[in-house]
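User: Hi! I have a model open and would like to talk it through with you. Shall we start?

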Amino acid sequence: MNSDFLLKEYSIIIIDEAHERKVNTDILIGLLSRLILIRYKLSLEDPKINPLRLIIMSATMRVADFQNKKLFDFDVPVLNV
């Protein structure tokens, strides 16, 4: 993110073991939650830019922590496997 804040070379970011809440992980998820919206808006204007997808995985995390409207400004789809 230091050299390319928009992460244009990536279309999907996967964060695993999200239940292990650390400051660095929380900051990363916060930045990515904003970047998802930026990339989506840019993809509407420029077809060369793909939307960014974020997959947050954990076997034991509290889903409500990631579904609230404080972190993401949109409805978050949840898959239980």
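Predicted model: local features only at pLDDT ≥ 70, side-chain atom pairs only at ≥ 80, totals over all residues.

User: Now the helix itself. How many residues does α1 have, and how far does it reach?

Analyst: Helix α1 has 23 residues. From its first C-alpha to its last it reaches 34 Å, close to the 33 Å expected at 1.5 Å a residue.

User: Which residues of α1 are buried?

Analyst: Thr 25, Ile 29, Leu 32, Ser 33, Leu 35, Ile 36, Arg 39 and Ser 43. As a general point, an α-helix has 3.6 residues a turn, so residues three or four places apart point the same way.

User: What covers those buried residues of α1?

Analyst: The cover includes β1 (12-15), β2 (53-56) and α2 (64-67).

User: Ser 43 is in that list of buried residues. Why does it count as buried?

Analyst: Ser 43 counts as buried because its relative accessible area is 16%, and the cut-off for buried is under 20%. Ser 43 sits in helix α1, which runs over residues 23-45. Beyond its neighbours within four places in sequence, Ser 43 is in contact with Ile 49, Asn 50 and Pro 51.

User: Let's go to the core. How many residues does the largest nonpolar core have?

Analyst: The largest nonpolar core has 16 residues. Those with the most contacts inside it are Ile 13, Ile 29, Leu 32, Leu 54, Ile 56, Phe 66 and Phe 72.

User: Which elements give two or more residues to this core?

Analyst: β1, α1 and β2 do. The largest share, 4 residues, comes from α1. In soluble globular proteins, nonpolar side chains tend to be buried together.

User: You named Leu 32. What does it touch, not counting residues up to four places away in sequence?

Analyst: Leu 32 touches Leu 7, Ile 13, Ile 15, Leu 52 and Leu 54.

User: Where is Leu 7, and is it buried or exposed?

Analyst: Leu 7 is in the segment before β1. With a relative accessibility of 10%, it counts as buried.

User: Changing topic, where is His 19 found?

Analyst: His 19 is in the loop between β1 and α1. It counts as partly exposed, at 30% relative accessibility.

User: What is His 19 in contact with, apart from its neighbours within four places in sequence?

Analyst: Ser 58, Thr 60 and Met 61. The C-alpha atoms of His 19 and Met 61 are separated by 4.4 Å, although the two are 42 residues apart along the chain.

User: And Val 63, where is that one found?

Analyst: Val 63 is in the loop between β2 and α2, and it is partly exposed, with a relative accessible area of 29%. Its C-alpha is separated by 19 Å from that of Asn 24, 39 residues apart along the chain.

User: What share of the residues counts as buried?

Analyst: Of the 81 residues, 26% count as buried. The chain exposes about 6200 Å², and carbon and sulfur atoms supply 55% of that.

User: And what share of the contacts with a separation of 6 or more joins residues 24 or more positions apart?

Analyst: Such residues account for 67% of those contacts.

How values were computed
Residues numbered from 1 in each chain as written. Heavy atoms only, no water. Buried < 20%, exposed > 50% of the residue type's maximum accessible area, 1.4 Å probe, protein only. Contact = heavy atoms within 4.5 Å. Expected span 1.5 Å × (residues − 1). Areas by Shrake-Rupley, 256 points an atom, 1.4 Å probe, with all protein chains shown as cover. Core = buried A, V, L, I, M, F, W, Y, C linked by side-chain atoms within 4.5 Å.
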